[in-house]
Structures are given as C-alpha cells and as structure tokens.
Amino acid sequence: MEDALLLALQLLGATIRVATPLVLAAFAGMYCERSGVVDIGLEGKMLAGAFFSAAVASVTVNPWLGLLAGIAAGVALALVHGFACITHNGNQVVSGMAINILVAGLAPTLAYAWFQQGGQTPLLPSQARIPAVELPGGDALAAIPALGPIFRELLNGNNVLIWVTLVIVLATQWVLYRSRFGLRLRAVGENPAAVDTAGLSVAGLRYQALIVTGALTGMAGAYLSTGHGAGFVRDMTAGKGYLALAALIFGKWRPGPTLFACLLFAFTDAVQVRLQGVELPLVGVIPVQFIQMLPYVLTVLLLAGFVGKAIAPKASGIPYIKER
Amino acid sequence: MGLIGSGKGQPGAVPGWVGYALLPLLNLVAAFVLSGLVILVIGENPVDVLSLMLSEAIGYPEAIGYTLYYATDYIFTGLAVAIAFHCGLFNIGGEGQAYLGGLGAGLVALVLTGWPWPVVAVLAVLASALFGAAWAFIPGWLQAKRGSHIVITTIMFNFIAASLMTWLLVDVLIRPGSQSPETREFDPGVWLPSMDRALGWFGIEIAASPLNLSFLWALACCALFHVFLRRTRWGYELRTVGRNERAAVYAGISPSRNIVTAMLISGALAGFVGVNDILGVQHRVILNFTGGVGFVGIAVALMGRNHPVGIILAALLFGVLSQGGGQLSFDYPTINRELVMVIQGLVILFAGAMENLFRPQVEALFRRRGGGEPAAAGPAKPGGS
C-alpha cells in the first residue's frame with residue numbers, strides 16, 4: 001500500500017515536471033489563437049527561449065537574466081510572426097513554419113560558434129539555474145504517513161517556474177473570462193469586424209496577444225534549459241511545441257480543459273518511461289512508441305469529431321483586412 | 001484557404017513578370033542578406049562562406065551529382081506541397097508521407113530478392129506512391145468529410161509516422177542479431193542504378209555520387225504534374241476547388257472528392273522520396289532518412305510559385321544549399337550544416353509569409369514610371385486562412 005502510494009506520487013510528480021513547459025506553451029498558444037492568429041511556431045519560440053536563456057545564464061551566471069533573455073527571444077520572434085501575419089497579411093501557417101525551421105538552425109549555429117561545444121551550451125552550475133523552492137515544515141510532516149510522502153514528492157523542491165506556471169494558469173482563466181482585455185481578445189478572434197466597429201484596433205489587440213505568447217513560450221524554453229535541465233542541448237524541445245498545440249486543440253482553446261490535456265499528455269509520458277518492457281495483464285508488453293503516439297492520435301480523433309468536437313475561434317487564421 | 005504564392009497580384013498594376021520573377025527574387029535577396037548578417041554575427045565573412053558553399057555544390061563533377069541528388073528529393077516534396085496548394089490545402093505532412101513511402105519501397109525491395117531491377121523499380125515506385133498516398137489519405141478524408149483542419153492533422157501524422165516507423169524498425173523489421181534499428185541490406189541486384197552506372201551503359205563516364213535514376217522520374221513527375229493540372233479536366237476541377245470552393249460547387253464540382261484526390265497525389269509524390277533515398281542510396285530502410293525534406297518542400301513550392309519549372313529551379317537552389325552547407329564545416333570550424341536551416345527558414349519567411357513585403361514599393365515605382373492611372377485600390381491578396 002505504501003509502495004503503491006509512493007509510486008503514484010512519483011508518477012504525479014514526474015507528470016507535473018513534464019507538464020510545466022507544455023502548459024506554458026499551450027497557454028501561450030491560447031492567447032494568440034484566441035485573438036485569431038494561428039501559431040504553429042510555438043516549438044521554435046520555445047527552442048529560442050531555451051537557447052538564449054541558457055546562453056545568457058551561462059555567461060552571466062544569473063538565471064534571472066537568462067529567464068529575461070529567453071522571454072525577450074520569444075517576444076522578438078512573436079513580433080516577427082506578427083509583422084508577417086498582421087501587418088503584411090501573410091500566411092500564418094507558413095510564417096510559423098518558417099520560425100520553427102529558422103530557430104532549429106539558428107540555435108545550434110549560434111551555440112556552435114559561441115561556445116564551441118558541438119551545438120550546446122556549457123553545463124550550467126547550480127547558481128546559474130532557476131532554483132527550486134524548499135517549503136518550510138518538511139520535518140514536521142515527514143513522520144505523518146500520507147502527508148509526508150505527498151509533501152516530499154509533490155510539493156517540496158519544485159522549481160520556481162512550476163509555481164509561476166500555476167499562477168499563470170489561474171491568471172489566464174481570470175484574464176480571459178473576467179477582464180476587459182480578455183473579452184476583447186476573445187471578440188477579436190471571433191469577429192474582428194465587430195471589434196473594429198467598436199473603435200478598437202484589431203492589429204493592436206493581436207500584437208498584444210502575440211507578445212504574451214512570446215513571453216510564455218520563452219519562459220517555457222527557459223524552464224527546459226535552466227530550470228529542469230542544466231544547459232541547452234540540440235533539439236531540446238523535441239516536438240513539445242507541437243504537443244502543446246495538440247493539447248491546446250484537445251482542450252478546445254479553454255484554460256481548464258487545456259490544462260487537463262497537458263497533464264494527460266505529460267502523464268502518458270511519465271507512464272511510458274516506467275512501462276518500458278513491463279508485462280501487463282491481458283495485453284502483454286506495449287511498445288513504447290504506441291504510448292508516445294497516443295497524444296497525437298487522440299488529437300486527430302478529437303479533430304475528426306469522434307471524441308467531442310473542437311471548434312476553433314472563428315476568425316482564427318484569417319488576416320483581418322479593413323474594408324474601404 | 002487561398003492559393004499561396006500564386007504570383008497573381010492586382011490585375012493591371014504591374015507587368016506579370018514582377019509577380020513571378022522580380023518579387024521572389026527580391027525576397028530571396030532579403031533572405032540571403034539576413035543570412036549574411038547571421039554569418040557576420042558568428043564572426044565569418046558572408047561572401048566567402050556563400051561562395052565556398054557555391055563552389056562546394058557545383059564546382060566539381062562529384063559535387064554536382066550530390067546537389068542533383070538532394071534536388072531530386074526536393075522536387076518530389078515541392079511538387080507534393082504544390083499540388084495541395086493548388087487545391088487550397090496546406091500539406092505539412094510531406095515528412096511523414098515520405099517516411100512511409102520509403103517503407104513501401106523498402107518492403108518491395110526486401111521481398112523481391114533476385115528479381116530484375118527494372119521490375120523492382122516499377123513496383124517500388126508504385127508501393128511508395130501507395131504508402132505515401134495512404135498516409136495522406138486520412139488527413140485528406142478527415143478534411144473533406146469532417147472538416148478537421150489539415151494543417152494540424154498532417155502535423156500529428158508526422159509524429160505518428162515517426163513513432164510507427166521507430167516501432168517497425170526496432171521491433172519488427174530489424175535485421176536479426178543487429179543492434180541498430182534498420183532492415184537488412186537489399187540484394188544488390190534490386191538496387192536502383194546510380195546515374196554513373198546507368199550512363200556507363202551508354203559509354204558516358206561521370207563521377208560517382210548518390211544521384212540515381214530517380215532524378216529522371218522526378219523530371220517526368222514535373223511534366224506529368226503540368227499536364228495533369230493544366231490539360232486535364234481533373235486538374236481543372238482541382239484548381240477550381242482551390243480557387244473558389246463555392247464556385248466549384250455551383251459548377252457541379254465536388255470539393256470533397258477533389259480534396260481527397262489532391263492529398264492522394266500529394267502523398268504519392270512525397271512518397272517517391274523513398275525511392276530516391278531507400279532504393280537508390282541507402283539500400284536499406286533506416287531511421288529518419290527523410291531528415292526534413294518534407295519541410296524543405298514547403299520552401300521549394302513557395303519559391304517556385306507552385307509551377308513545375310519554378311519548383312525545379314527552387315529545388316536546385318536548395319540542393320546547392322544542402323550540399324554546399326554540408327561541406328562548410330570542413331573549412332570553417334565555427335560553422336556546421338545547421339546554417340543551411342537558417343537560410344531555409346529565412347527563405348520560407350520572406351518568400352512565403354512576407355511575399356508581399358516589397359509589393360507596395362515595387363508597384364509605386366511602376367506607377368511613377370508609367371505615369372498612368374493609379375493602380376486598382378485595395379490590399380494585396382491575403383495569403384490564405
């Protein structure tokens with residue numbers, strides 16, 4: 001019983017650590033997609049965030065400057081996306097794709113030239129990494145049967161950014177549905193002409209949304225390279241940006257369900273590590289690859305309308321052109 | 001979703017060649033200027049680097065063979081993306097379709113040991129087309145019948161293909177007793193002859209390179225692509241759906257049937273990458289042999305304005321980049337082949353997403369020089385949905 005509880009808690013702890021960058025990236029995507037800008041460039045912005053935060057943290061030995069650099073990189077790329085898609089009415093999918101490919105080349109190219117370690121940054125010392133939070137009261141709880149392990153495995157020693165992510169999730173729920181900005185954001189994604197008629201700037205709102213997107217993706221990247229990991233390595237995001245996109249769609253562009261989707265996808269990842277080569281009753285050994293493809297298959301099924309229905313913001317992906 | 005990179009601007013404002021030649025050229029120049037800046041940032045001389053790339057790609061016979069071998073892949077994936085564009089679809093799944101196409105070609109070559117190579121080649125072309133088309137069929141069908149956004153489903157199918165192929169190569173098709181996830185090598189009798197061997201039969205000697213007969217098939221596909229799209233009723237229907245779905249419905253053309261057709265052809269074209277790489281070069285099915293060709297295909301189709309001639313030229317350009325970029329690290333310790341992806345990304349950004357960046361200035365220039373009536377008002381055509 002104790003072992004089962006411990007195993008479950010360890011799985012949940014791993015889930016939270018894997019889910020954090022997914023949640024940040026998926027919520028980043030939520031802001032811009034809710035404003036009517038499709039962004040398949042989450043992956044690239046995350047990778048840029050990971051590289052620049054690790055590079056700056058490595059040089060300055062200051063994780064907070066690193067975090068800022070990561071956020072700045074994400075925002076800069078988001079603004080490029082905005083310049084192409086909002087100012088020049090360019091194709092949003094093409095622009096996102098371009099950013100992904102650009103960063104997939106740029107990050108290792110710069111890493112290679114600046115640090116000369118085969119496309120990665122040097123291993124970060126612990127003072128250059130975003131620290132974990134040690135909660136008080138661990139000694140008092142340690143002896144209590146259930147609470148002790150829960151505190152140890154789930155609550156204590158989490159990275160600062162995990163708690164920040166929790167705040168961002170709650171804040172997004174409030175911003176999107178309770179604030180004036182959120183109302184306008186949702187309106188501009190559904191009916192930009194109405195927002196324009198009301199005297200608000202469609203382009204301005206979409207740029208604001210993209211800035212939030214860039215900041216959150218940059219933070220997601222910083223978590224990967226300076227929080228969870230200790231330095232940037234080549235192809236560090238490994239498709240997490242696309243997985244976040246899948247989670248966003250699976251969550252139907254809503255905060256609660258999107259959070260759930262991220263946790264579900266992260267959980268499959270955490271389970272997959274433990275299921276390698278384990279014989280299960282009835283089905284035998286499940287190849288890891290099938291568990292890995294599960295999130296993508298689920299998302300396709302959802303998009304096909306076989307598991308609920310995903311309805312995107314109505315103006316999503318369509319450039320807004322003012323009538324003359 | 002509108003037709004992307006069609007090269008058609010506002011009628012009457014500027015001569016046609018501005019749309020399909022001058023603007024793409026300006027965009028290309030912008031992309032290369034920015035790439036040059038990146039090279040400056042890492043402390044090298046951009047002119048030296050780019051000219052070295054060029055000479056490593058076309059400076060000697062062997063290099064030209066390599067460049068054309070890369071271009072073969074890019075023609076296939078460029079055509080694949082282009083045919084979907086013509087139907088108003090964005091197929092990002094070329095990567096997965098090419099991967100599956102390689103599986104099809106590989107299975108044929110594994111099973112038909114001892115058969116003459118021309119028979120194997122024809123069957124492998126059919127199998128790679130079938131496997132690639134099958135992988136594109138599901139997203140196409142879901143788009144046509146269930147309205148599932150094809151951009152997202154094809155992205156998901158790339159990941160599903162990657163997992164599926166890993167499983168097949170690690171657990172099923174792996175050569176018994178081997179540690180590395182790949183099939184056994186095909187019998188040399190079924191290999192698709194390389195170009196130097198094929199030309200050798202006619203007494204022509206060229207340098208040995210991975211370039212193989214698939215290159216000729218790629219050129220044939222360009223011709224077939226043009227005939228299909230411009231000279232057949234099916235091609236006309238497909239383009240009509242891409243241009244205006246509602247008009248197509250009024251004309252009695254079924255959008256959903258054409259969407260599925262376009263994706264089947266698109267997947268088949270992407271699948272041919274498998275013939276070039278698996279049957280022609282690797283001679284075994286290996287992990288991740290595609291290495292991003294599906295994504296380069298997007299850049300090729302955008303640069304080539306979805307026209308076969310443009311696609312061949314763009315594929316050659318990207319072939320030069322791939323071959324030249326791969327050689328850079330021998331001369332420059334600070335540069336490796338990822339620099340090519342930077343250039344590719346910038347080309348996609350400028351030629352695709354910002355294709356109208358210079359249009360207002362160019363049009364203004366022509367208006368001033370023409371001195372005639374102002375161009376038809378209105379913004380440039382939006383790139384799509």
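Residues are numbered from 1 along each chain as written, while chains are lettered from A and ligands numbered from 1 in the order written. Local features in this predicted model need pLDDT of at least 70, side-chain atom pairs count only at pLDDT 80 or more, and totals for chains, interfaces and linings use all residues.

**Exercise 1. Describe the fold of chain A and state how its radius of gyration compares with the globule rule.**

Step 1. Chain A holds 13 helices and two strands; these are DSSP runs numbered from the N terminus, with helices being H or I of at least four residues and strands E of at least two.

Step 2. The globule rule is 2.2 Å times the number of residues to the power 0.38, and the radius is taken over C-alpha atoms. For 324 residues the rule gives 20 Å and chain A has 21 Å, so chain A is as compact as a globular protein of that length.

Step 3. The C-alpha atoms of chain A occupy a box of roughly 70 × 50 × 40 Å along the principal axes.

Step 4. In chain A, 53% of the 324 residues are buried. A residue is buried if 20 or more other C-beta atoms, placed from the backbone, lie within 10 Å of its own, exposed if 12 or fewer, and partly exposed in between.

**Exercise 2. Do the same for chain B.**

Step 1. Chain B has 16 helices and zero strands.

Step 2. A compact globule of 385 residues would have a radius of gyration near 21 Å, and the 22 Å of chain B agrees.

Step 3. Its C-alpha atoms fill a box of roughly 75 × 55 × 40 Å along the principal axes, and 54% of the 385 residues of chain B are buried.

**Exercise 3. Check the span of helix H2 of chain A and decide whether H2(A) is enclosed or open.**

Step 1. The expected span is 1.5 Å times one less than the number of residues.

Step 2. For the 19 residues of H2(A), residues 42-60, this should be 27 Å, and the end C-alpha atoms are 27 Å apart, which agrees.

Step 3. Of these 19 residues, 17 are buried, so H2(A) is largely enclosed by the rest of the structure.

Step 4. Just after H2(A), Val61(A) takes a positive phi of about 55°.

**Exercise 4. Find which helix of chain A gives the most to the side that touches chain B.**

Step 1. The contact takes 43 residues from chain A and 49 residues from chain B; two residues are in contact if their C-beta atoms, placed from the backbone, lie within 7 Å.

Step 2. Helices H3 (63-87), H4 (92-115), H11 (240-250) and H13 (288-303) of chain A each supply at least two residues of this side.

Step 3. The answer is H4(A), with 15 residues.

**Exercise 5. Locate the largest nonpolar core and name the residues with the most contacts inside it.**

Step 1. A nonpolar core is a set of buried Ala, Val, Leu, Ile, Met, Phe, Trp, Tyr and Cys residues joined through C-beta atoms within 7 Å.

Step 2. The largest one has 226 residues, and those with the most contacts inside it are Leu22(A), Ala247(A), Leu79(B) and Ile348(B).

Step 3. Helix H3 of chain B, residues 61-86, gives the largest share of this core, 16 residues.

Step 4. Leaving aside neighbours within four places in sequence, Leu79(B) is in contact with Cys221(B), Cys222(B), Phe225(B), Leu269(B) and Ile311(B).
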